[in-house]
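The sequence and the structure come next, followed by notes grouped by topic.

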Amino acid sequence: MKIEPIESLKPHLPALQKLLIDTVADGASIGFHAPLPEEDAAAYWHAVERQLADGSKLMLVASESGTVLGTVQLALEMRPNGRHRAEVQKLMVAPAARGKGTAKALMAALEQAAHDAGRTLLVLDTRRGDIADGLYERLGYTRAGIIPDYVIDTGGVVTDTCIFYKHLK
């Protein structure tokens, strides 16, 4: 598996759109409801492209033999009082690639990229009880708290979200 930062989504756009659609269809709580229309997935990635271009976001892609396995983003706080922190966003692993260490490898690479960018504090949120909930604890993130009734799932059920943080050394 190869993990690399990407600055332009253009060569990866079809694979990223499929990854987003498949991840949402598999129940991931990443801001969208299934079924996710292709045009909405494309619009999302075009917005990310703009953030990559303006330097407010970093993105890593995990691939193997030319197939995108997963991705994760790091939103860099740009205001003067927060330039030491960043938010982990949209960790996605293709359903077929789960259970093979892809998420763990993406997060390790993201933490190194954050460190290299001078960030010493990472924050993130995930739906309470999600598979990612346990993953972040195993990766050394500290649960800061729970916000009740934060997420509305595809079926209209309101669920809690967990806030995590990690200090980088």
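Serine 63 is buried, because its relative accessible area is 11% (buried means under 20%, exposed over 50% and partly exposed in between, with a 1.4 Å probe and protein chains only). This is a predicted model, in which local features need pLDDT of at least 70 and side-chain atom pairs count only at pLDDT 80 or more, while totals for chains, interfaces and linings use all residues. Residues are numbered from 1 along each chain as its sequence is written, and side-chain values use heavy atoms, with hydrogens and water left out.

**Two residues**

- Serine 63 sits in strand β2 (residues 57-64); strands (E, at least two residues) and helices (H or I, at least four) are DSSP runs numbered from the N terminus.
- Apart from neighbours within four places in sequence, serine 63 is in contact with Met1, Lys2, Val68 and Leu69, where contact means heavy atoms within 4.5 Å.
- Isoleucine 21 belongs to helix α1 (residues 13-25) and is partly exposed, with a relative accessible area of 21%.
- With neighbours within four places in sequence set aside, the contacts of isoleucine 21 are Leu36, Glu38 and Ala41.

**The sheet**

- Seen in order, the strands of an open sheet of 7 strands are β1-β2-β3-β4-β5-β7-β6, with mixed pairing; two strands pair if DSSP finds at least two bridges between them.
- β1 (2-5) and β6 (142-152) are the edge strands, each pairing on one side only.
- Strands β3 (residues 67-76) and β4 (residues 85-93) run antiparallel and are joined by 6 bridges.
- Leucine 74 has valine 88 in β4 as its bridge partner.
- Helix α2 (residues 38-54) lies across β2, β3 and β4 and runs at about 120° to β2; axes are lines fitted to C-alpha atoms, for helices over the stretch in contact, and angles run from 0 to 180 degrees between N-to-C directions.

**The largest pocket**

- A pocket is an open set of points on a 1 Å grid over the protein atoms alone, where a 1.4 Å probe fits, with protein on both sides within 12 Å along at least five of seven lines; lining residues have an atom within 4 Å of a point.
- Of the 42 residues that line the largest pocket, Ala28, Ile30, Leu91, Asp130 and Ala132 are the closest to its centre.
- The largest share of this lining, 7 residues, comes from β4.
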